[in-house]
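Reader: I would like to learn how to read the features of a structure. Please take them in turn, with the general idea and then the case at hand.

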Amino acid sequence: MRIEPATTDDVGALVDAWVELAATQRRHGSHLADEANREAIRPILAYHAVEGTCLVARAAPGEVSGPDGDVLGFVNFGLEEAGLSGDATRGLVHNVFVEPGFRGEGVGSALLDAAEAALAERGADVVAIEALADNEAARRLYRRRGYDLHRVQYERTTETDTSESE
């Protein structure tokens, strides 16, 4: 397997992978639509490909090729641009996706290694990555890789039960 920058020729495969990722994340409680965002995500992933902030894992010669040619997975990332001064430059990993048939083979770890190195080269002091609370497999992977819990986000619906008495 080799990790390399995505190209604009990869955008179609990246969009397909992102839609699959979004569908998977909905099972873990994400509110982000999958197929409905297909065209909205295309320019975002194209931007990351042009900027060099999207990497793909490809089967090496002689390995079984993944779907959509040889793209086995992808990661996209960037520096946090909050506009506020802080004591560290944060790199953000936005998405990590590995084709289902290649999970557990080290593809995700290789993509994260490459993204972390690229972020460090761009000046990141720390790297942040999100996982949905219900996605135990992702949370376990990130803990094994040395990520510490940093923020906790809560949500609730805006509907209130008016039948309860005070």
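This is a predicted model: local features need pLDDT of at least 70, side-chain atom pairs count only at pLDDT 80 or more; totals for chains, interfaces and linings use all residues.

Reader: What percentage of the residues count as buried?

Author: Buried means under 20% relative accessible area, exposed over 50%, and partly exposed in between (1.4 Å probe, protein chains only). By that rule, 35% of the 166 residues of the protein chain are buried. Accessible areas come from the Shrake-Rupley method with a 1.4 Å probe, and for residues only the protein chains shown count as cover. The accessible surface of the chain is about 10400 Å², with 49% of it belonging to carbon and sulfur atoms.

Reader: What share of the contacts is between residues 24 or more positions apart?

Author: Contact means heavy atoms within 4.5 Å. Among contacts with a separation of 6 or more, 63% are between residues 24 or more positions apart.

Reader: What span should helix α1 have at 1.5 Å a residue?

Author: The expected span of a helix is 1.5 Å times one less than its number of residues. For the 16 residues of α1 (residues 11–26) that gives 22 Å, and the end C-alpha atoms are 22 Å apart, which agrees. Buried residues of α1 include Val11, Leu14, Trp18 and Leu21. The buried residues of this helix pack against α2 (38–51), β2 (54–58), β3 (71–79) and β4 (90–98).

Reader: Which residues of α2 are buried?

Author: They are Ile41, Leu45, His48 and Ala49. Seen down the axis of α2, these buried residues fall within an arc of 100 degrees (the arc of the directions from the helix axis to the C-beta atoms), so they line one face of the helix. Their cover includes α1, β2, β3 and β4. The face turned away from the buried side carries the exposed residues Glu39, Pro43 and Val50. Just after α2, glycine 52 takes a positive phi of about 80 degrees.

Reader: Is arginine 90 buried or exposed?

Author: Arginine 90 is buried, at a relative accessible area of 15%. Its place is in strand β4. Not counting residues up to four places away in sequence, arginine 90 touches residues including Gly78, Glu80, Val126 and His150.

Reader: Where does valine 127 lie?

Author: Valine 127 is in strand β5 (residues 126–129), and is partly exposed at 25% relative accessible area.

Reader: How many salt bridges does a search of the whole structure find?

Author: Side chains of opposite charge can pair when their charged atoms come close. A salt bridge is a side-chain nitrogen of Lys or Arg within 4 Å of a carboxyl oxygen of Asp or Glu. The search finds twelve.

Reader: Which parts does the pair of aspartate 113 and arginine 145 tie together?

Author: Their side chains meet in a salt bridge at 2.6 Å, N to O. Aspartate 113 lies in helix α3 (residues 107–121) and arginine 145 in the segment after α4, so the pair ties together parts 32 residues apart in sequence.

Author: Within α2, arginine 42 and glutamate 39 lie three residues apart, about one turn of the helix, and their side chains form a salt bridge (3.2 Å, N to O). Arginine 42 is partly exposed at 29% relative accessibility, whereas glutamate 39 is exposed at 51%.

Reader: Which residues make the nonpolar surface patch?

Author: Patches are made of residues with over 30% relative accessible area and no salt bridge: like charges are joined within 9 Å, nonpolar side chains (Val, Leu, Ile, Met, Phe, Trp, Tyr) within 5 Å. Here Leu149, Val152 and Tyr154 make a nonpolar patch of about 440 Å². Tyrosine 154 is in the segment after α4 (136–144) and counts as exposed at 74% relative accessibility.

Notes: Residues are numbered from 1 along each chain as its sequence is written. Side-chain values use heavy atoms; hydrogens and water are left out. Helices (H or I, at least four residues) and strands (E, at least two) are DSSP runs, numbered from the N terminus.
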